[in-house]
Amino acid sequence: MAATTCVEEVLPPVLDSTSDQPPLFDGTTRLYIAYTCPFAQRVWITRDYKGLQEQIKLVPLNLQNRPAWYKEKVYPENKVPALEHNNKVIGESLDLIKYVDSNFGGPSLWPEDPAKQEFAEKLLSYTDTLNRILFSSFKGDPTKEKEESDGSYISVTGVAFDHLETALHKFDDGPFFLGQFSLVDIAYIPFVERFQIFLSEVWKYDITASRPKLAAWIEELNKIDGYKRTKCDPKELVEYYKMRFMTILLSTK
């Protein structure tokens, strides 16, 4: 599966509480995102990989100072991502990546093989579990190991990434979860990207150590233009996660 030709795009400025609202339901398809949000990044990657920069316009928001009109007139849930298309606004990132893949042109990101479709659904349903496990672990020492009943020592962080390593062994026709690049990879990489940066920089924990499939997966993803353009700033990410999680850790000591 080949991505569409790379489209150079000047990213629009971020809108905040002082910004005017773009026209609503004027025939333009708009993707409301935050450049720093991993949920929004899923749909952003899907859009860019499929070459839909002209068909779907980005509307980036400042989540710390978001415009009042967004909740009042665009999306009452007041979250990102949200997609304005065909005179309606829809949300939820996993639903949106499927929607964009099904309703717009560009290379398909969903497999035709029923076995791969079934595995894809299982992996998509696990994303929230993975994120919950790892974000919860950041409130303490995510690398701390606990003794199991059989005498072995494991960390919840290690178990979570071992699950991904095992999943990447399922199909051998490519380096991705379903062999070829798909919505499953798009669902996971915004979060794995952040986990890898934070665990490496703060806890000196390498998520790819003894996990060759995971290492190869990340390496291959970093060759994809549609993903590379959406990556977060590592320094900003580390500082934000330190503020979010390390203050909790310090306050409990």
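**A conversation about a predicted model**

Visitor: Let us start with Leu199: is this residue buried or exposed?
Guide: Leu199 is buried, because its relative accessibility is 0% and the cut-off for buried is under 20%. Please keep in mind that this is a predicted model.

Visitor: Where does Leu199 sit?
Guide: Leu199 belongs to helix α6.

Visitor: And what does Leu199 touch, leaving aside its neighbours within four places in sequence?
Guide: Leu199 is then in contact with Phe138, Pro142, Thr157, Phe161, Lys204, Tyr205 and Ile207.

Visitor: How far apart in space are Leu199 and Gln64?
Guide: They are 25 Å apart, C-alpha to C-alpha, and 135 residues apart in sequence.

Visitor: You listed Ile207 as a contact of Leu199. Where is Ile207 placed?
Guide: Ile207 is in the loop between α6 and α7. With a relative accessible area of 0%, Ile207 is buried.

Visitor: Which residues does Ile207 touch, not counting those up to four places away in sequence?
Guide: Ile207 touches Phe161, Val192, Gln196, Leu199, Leu214 and Ile218. As for Ile33, its C-alpha atom is separated from that of Ile207 by 28 Å, and the two residues are 174 residues apart along the chain.

Visitor: On to helix α7, then. Which of its residues are buried?
Guide: Helix α7 spans residues 212-221, and its buried residues are Leu214, Trp217, Ile218 and Leu221. Seen down the axis of α7, these residues fall within an arc of 95 degrees, so they line one face of the helix.

Visitor: Why do residues three or four places apart point the same way in an α-helix?
Guide: They do so because an α-helix has 3.6 residues a turn.

Visitor: What covers the buried residues of α7?
Guide: The cover includes α5 (156-167), α6 (183-203) and α8 (225-228).

Visitor: A change of topic: aromatic rings. How many aromatic pairs are found in the whole structure?
Guide: The search finds 21 aromatic pairs. One of them is formed by Phe138 and Tyr241: the centres are 6.3 Å apart, the planes are at 50 degrees, and the pair is tilted. This pair links distant parts of the chain, since Phe138 is in the loop between α4 and β5 (146-147), Tyr241 is in helix α9, and they are 103 residues apart.

Visitor: Are Phe138 and Tyr241 buried or exposed?
Guide: Phe138 is buried, with a relative accessible area of 0%. Tyr241 also counts as buried, because its relative accessibility is 4% and buried means under 20%.

Visitor: Which residues make up the cluster that ring pairs link together?
Guide: The cluster consists of Phe135, Phe138, Phe195, Phe198, Tyr240, Tyr241 and Phe245.

Visitor: How does the lining divide into nonpolar, polar and charged residues?
Guide: The lining has 20 nonpolar, 6 polar and 12 charged residues.

Visitor: One more topic: the backbone. Which two residues does a cis peptide bond join?
Guide: It joins Val80 and Pro81, with omega at about 5 degrees. Pro81 lies in the loop between α2 (68-74) and β3 (82-85). For background, most peptide bonds are trans, and most residues other than glycine have a negative phi.

Visitor: What is the phi of Asn78, and what is the phi of Glu92?
Guide: Asn78 has a positive phi of about 60 degrees, although it is not a glycine. Glu92 is not a glycine either, and its phi is positive at about 75 degrees.

Visitor: Where are Asn78 and Glu92 found?
Guide: Asn78 is in the loop between α2 and β3, and Glu92 is in the loop between β4 (88-91) and α3. Asn78 is buried, with a relative accessible area of 19%, whereas Glu92, at 41%, counts as partly exposed.

Visitor: Finally, how accessible is Asp95?
Guide: Asp95, in helix α3, counts as partly exposed at 49% relative accessibility.

Key
Residues numbered from 1 in each chain as written. Predicted model: local features only at pLDDT ≥ 70, side-chain atom pairs only at ≥ 80, totals over all residues. Heavy atoms only, no water. Buried < 20%, exposed > 50% of the residue type's maximum accessible area, 1.4 Å probe, protein only. Helix = DSSP H or I, 4+ residues; strand = E, 2+ residues; numbered from the N terminus. Arc of directions from axis to C-beta. Contact = heavy atoms within 4.5 Å. Nonpolar A, V, L, I, M, F, W, Y, C, P; charged D, E, K, R; others polar. Phe/Tyr/Trp six-rings, centres within 6.5 Å; stacked < 30°, edge-to-face > 60°.
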